[in-house]
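User: Got a model I'd like to go through with you. Can we take it piece by piece?
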Amino acid sequence: MASSSGKSISNSSALSPQQQKSGSDHQRKRRRMESNRESARRSRMRKQKHLDDLVAQITELKSDNNQIQSSIGSTTQRYVNVETQNTVLRAQMMELSQRLESLNEILDHINSPTVCNGVYEAEAIEFSPFNLPCLNQQGCFYFG
């Protein structure tokens, strides 16, 4: 500024102490606003990073979930297959048990001496595996 005397007066000396205080208050307010803006920007960045982390976690959990579901599906299929095999094996076991019981009854009958017309039946039947050619076929018993 120029004064009437032609001398230049600086701004700081031309301002009253009240005006200087007001200017410094204005400076502090401006710095505080800048600081608040920067803090808000950092807060938004943290929030965005947290959101990105959550989205990545969701993607990973979905992938894990798909793998687990696939594993459950294949395990269930193996279980069903094993149950089917067990059912078949149980049926085969029952059939073989019945056949074994029948064969044991035949052997008991062959090996037990009974009298028929004064002759022991065991003597009348010459037991030999060759006299029973179709023992391994179900329902076929031949006594030569």
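User: What percentage of the 144 residues of the protein chain count as buried?

Analyst: 3% of them. Buried means under 20% relative accessible area, exposed means over 50%, and partly exposed is in between, with a 1.4 Å probe and protein chains only.

User: What should I know about the model itself?

Analyst: This is a predicted model: local features need pLDDT of at least 70, side-chain atom pairs count only at pLDDT 80 or more, and totals for chains, interfaces and linings use all residues. Residues are numbered from 1 along each chain as its sequence is written, and side-chain values use heavy atoms, with hydrogens and water left out.

User: OK, fold next. How many helices and strands does the protein chain have?

Analyst: Three helices and two strands. The order from the N terminus is α-α-β-β-α. Both types are DSSP runs, numbered from the N terminus: helices are H or I with at least four residues, strands are E with at least two.

User: And what share of the contacts with a separation of 6 or more comes from residues 24 or more positions apart?

Analyst: 26% in the protein chain. A contact means heavy atoms within 4.5 Å.

User: Switching to electrostatics. How many salt bridges are there?

Analyst: Six. The criterion is a side-chain nitrogen of Lys or Arg within 4 Å of a carboxyl oxygen of Asp or Glu.

User: Which residue pairs with Arg-28?

Analyst: Asp-25, at 2.3 Å from N to O. Both residues sit in helix α2, which spans residues 17–111. They are three residues apart, about one turn of the helix.

User: What about Asp-53?

Analyst: Asp-53 bridges to Lys-49, with the closest N and O atoms 3.1 Å apart. The two are four residues apart in helix α2, so about one helical turn separates them. Asp-53 is partly exposed at 40%, while Lys-49 is exposed at 51%.

User: Which residues are linked in a network?

Analyst: Glu-38, Arg-41 and Arg-42, through salt bridges.

User: How accessible are Glu-38 and Arg-42?

Analyst: Glu-38 is partly exposed at 30%. Arg-42 is partly exposed too, at 39%.

User: Last one. What is the accessible surface of the protein chain?

Analyst: About 12700 Å², with 55% belonging to carbon and sulfur atoms. Areas come from the Shrake-Rupley method with a 1.4 Å probe; for residues, only the protein chains shown count as cover.
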